[in-house]
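Trainee: I am new to this structure, and I would like to go through it carefully with you. Could we begin by looking at it together?

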Amino acid sequence: HTSGRRRVLGSERELGRVVRNLLDNAIRHSPDGSQVSVRLRHIADSETTDAASISLSVTDEGPGFAKSLIATATEPFVRGDESRARATGGAGLGLSIAAGVVEAHGGELSLHPGPGGSVEIALPLMAS
């Protein structure tokens, strides 16, 4: 169990935009009345007892990404559902931008496919 405040070094504005994007996508692509879950957890460094990074995952009850799209889902203009048009599904830039911001902060964005799948960001914590 880790107690106390933990901090990530980075732009509050940009990282906030990433979280808002992930939540907006989850809400937009989930059936009405379904739940969107957010989980925040410490990922411990195997060499110390302190948390080395923090993970935030967003899970929804929508269709999720197909396994075949996982490798390219963070590339510009890729949409989780190819049948969606720009008017109904966005430009396909959200995950690309989110991944770029997370990577610029030394972290990683990963996708877990299928219904009930999730999008997870892991960011390194500042040394305490």
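Trainee: Which element of the protein chain has the highest confidence?

Mentor: Please keep in mind that this is a predicted model, and that the mean pLDDT of its protein chain is 80, with 73% of the residues reaching 70 or more. Confidence is lowest in helix α2, residues 86-89, at a mean of 46, and pLDDT stays under 50 over residues 82-88, for which the model has 8 contacts beyond four places in sequence. At the other end, with a mean of 93, the highest confidence belongs to residues 118-124, which form strand β4.

Trainee: Which element gives the largest share of the lining of the second largest pocket?

Mentor: The second largest pocket has a volume of about 440 Å³, and of the 17 residues that line it, the closest to its centre are R7, V8, L15, I54 and L123. Two or more lining residues come from each of α1 (12-28), β2 (51-59) and β4, while by class the lining holds 9 nonpolar, 4 polar and 4 charged residues. The largest share, 4 residues, comes from α1.

Trainee: How far does α1 reach from its first C-alpha to its last?

Mentor: Helix α1 has 17 residues, and at 1.5 Å a residue a span of 24 Å is expected. Its buried residues are E14, L15, G16, V18, L22, N25 and A26. In the model, the reach of α1 is close to that expectation, at 24 Å.

Trainee: Which elements do the buried residues of α3 pack against?

Mentor: Helix α3 covers residues 94-104, and its buried residues are L95, S96, A98, A99, V101 and V102. Just after this helix, G106 takes a positive phi of about 80 degrees. The elements that the buried residues of α3 pack against are α1, β3 (108-112) and β4.

Trainee: Is V38 buried, partly exposed or exposed?

Mentor: V38 lies in strand β1, residues 37-44, and, leaving aside its neighbours within four places in sequence, V38 is in contact with L23, L56, S57 and V58. V38 and V119 are 81 residues apart in sequence and 9.9 Å apart in space, C-alpha to C-alpha. Since buried means under 20% relative accessible area and exposed means over 50%, the value of 48% for V38 makes this residue partly exposed.

Terms used. Residues numbered from 1 in each chain as written. Predicted model: local features only at pLDDT ≥ 70, side-chain atom pairs only at ≥ 80, totals over all residues. Heavy atoms only, no water. pLDDT = per-residue confidence, 0-100. Contact = heavy atoms within 4.5 Å. 1 Å grid on protein atoms, 1.4 Å probe; cavity = no way out; pocket = protein on both sides within 12 Å on 5 of 7 lines; lining within 4 Å. Points joined across faces, edges and corners; volume = space filled by probe spheres on them. Nonpolar A, V, L, I, M, F, W, Y, C, P; charged D, E, K, R; others polar. Buried < 20%, exposed > 50% of the residue type's maximum accessible area, 1.4 Å probe, protein only. Expected span 1.5 Å × (residues − 1).
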